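Subject: Structure handover

Hello,

Here is the structure for you to look over. My notes on what was found follow below it.

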Amino acid sequence: QVQLVESGGGLVQAGGSLRLSCAANGSINSINSMAWYRQAPGKQRELVAIITNGGTTNYADSVKGRFTISRDNVKNTMYLQMASLKPEDTAVYYCYALIRNALFGVTGRWGQGTQVTVSS
């Protein structure tokens with residue numbers, strides 16, 4: 001069984017910072033791309049940032065210059081450093097990964113989500 005476990009969400013004032021983590025556990029041969037998504041109340045889930053296994057990154061325009069995605073391939077862990085947070089960043093943040101294991105081949109996995117709330 002493969003699981004993505006997120007941590008690091010919470011309540012922060014506007015202008016503050018938070019760091020999210022997403023650890024992949026279980027029977028893993030390799031991890032391809034990893035990404036962070038978010039979903040605000042009443043809105044569709046949207047892509048925030050993505051990172052390939054080679055370290056290439058891409059960001060939504062709304063977070064460019066404020067958020068940084070990174071990963072540690074030894075620990076099978078991805079991070080999202082969020083700075084200069086705004087109330088509109090309030091959402092449940094989900095991690096996503098394309099994971100290869102011996103039994104299932106390559107499958108997409110979601111984390112359980114972690115709440116980020118930015119107060120004005």
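How many disulfides does the structure hold? The structure holds one, where a disulfide is a pair of cysteine sulfur atoms within 2.5 Å. Before the details, two remarks on the source. This is a predicted model, in which local features need pLDDT of at least 70 and side-chain atom pairs count only at pLDDT 80 or more, while totals for chains, interfaces and linings use all residues. Residues are numbered from 1 along each chain as its sequence is written, and side-chain values use heavy atoms, with hydrogens and water left out.

Disulfide

The bond joins Cys-22 to Cys-95, with an S to S distance of 2.2 Å. The angle about the S-S bond is 60 degrees, and the link of Cys-22 and Cys-95 is right-handed. Distant parts of the chain are linked here: Cys-22 belongs to strand β3 (residues 18-26) and Cys-95 to strand β9, 73 residues apart. Strands are DSSP runs (E, at least two residues), numbered from the N terminus. Cys-22 has 0% relative accessibility and counts as buried; Cys-95 is buried too, with a relative accessible area of 0%. Buried means under 20% relative accessible area, exposed over 50%, and partly exposed in between (1.4 Å probe, protein chains only).

Aromatic rings

Searching the whole structure gives four aromatic pairs. Rings of Phe, Tyr and Trp (its six-membered ring) pair if their centres lie within 6.5 Å; planes under 30 degrees apart are stacked, over 60 edge-to-face, and the rest tilted. Tyr-37 and Tyr-96 are edge-to-face because their planes stand at 80 degrees, with the ring centres 6.3 Å apart. Tyr-37 lies in strand β4 (residues 30-39) and Tyr-96 in strand β9 (residues 91-101), so this pair also links distant parts of the chain, 59 residues apart. One aromatic cluster is formed by Tyr-37, Tyr-94, Tyr-96 and Trp-110.

Charges over rings

A charge sits over a ring if NZ of Lys or CZ of Arg is within 6 Å of the ring centre and within 35 degrees of the ring normal. Arg-45 lies over the face of Trp-110, 4.6 Å from the ring centre. Arg-109 has its charged end over the ring of Phe-104, at 5.8 Å from the centre.

Thr-114

Thr-114 is part of strand β11 (residues 114-119) and is buried at 11% relative accessibility. Leaving aside residues up to four places away in sequence, Thr-114 touches Glu-6, Gly-9, Leu-20, Ala-91, Val-92 and Tyr-93, contact meaning heavy atoms within 4.5 Å.

Regards

Conventions:
Helices (H or I, at least four residues) and strands (E, at least two) are DSSP runs, numbered from the N terminus.
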